[in-house]
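Thanks for coming. I will walk through one structure, starting with its helix and ending with a loop residue.

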Amino acid sequence: MTTPKRYLITSALPYANGLKHVGHLAGAYIPADIYVRYLRVQKRDVVFVCGSDEHGTAIPIQAWNRNSYSGYERRYHAAGNY
């Protein structure tokens, strides 16, 4: 079995529509980070891509319901210009 020349590691993208909790770290980011660090210690070529679901509809809906939209965003969405 040959060893890969490059590694691309990603982490899960937890949804932002619920309460934030330790499970986001324990189930998504920390295991991937540990594996990436392990590979780097072995001098492997590793890229770690991490992100979140910040462009879905869950965050705007939460912001709207909590009345925490700025004036610009409220006008934009109220006008249906999306």
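Two terms before the helix. Buried means under 20% relative accessible area, exposed means over 50%, and partly exposed lies in between, with a 1.4 Å probe and protein chains only. Helices (H or I, at least four residues) and strands (E, at least two) are DSSP runs, numbered from the N terminus.

This is a predicted model, in which local features need pLDDT of at least 70, side-chain atom pairs count only at pLDDT 80 or more, and totals for chains, interfaces and linings use all residues. Residues are numbered from 1 along each chain as its sequence is written, and side-chain values use heavy atoms, leaving out hydrogens and water.

Now the helix. The buried residues of α1 are His24, Ala28, Ala32, Val36 and Leu39. Their cover includes β1 and β2 (45–49), where contact means heavy atoms within 4.5 Å. At Tyr29, shortly before the proline Pro31, α1 has a kink of about 40°; the bend is the angle between axes fitted to the seven residues ending there and the seven starting there.

Next, the core. A nonpolar core is a set of buried Ala, Val, Leu, Ile, Met, Phe, Trp, Tyr and Cys residues joined through side-chain atoms within 4.5 Å. The largest one has 6 residues: Tyr7, Ile9, Ala32, Val36, Leu39 and Val46. Both β1 (6–10) and α1 (22–41) supply at least two residues of this core, and the largest share, 3 residues, comes from α1.

Last, the loop between α1 and β2, where Lys43 lies. Phi of Lys43 is positive, near 65°, in a residue other than glycine. Lys43 is exposed, with a relative accessible area of 75%.
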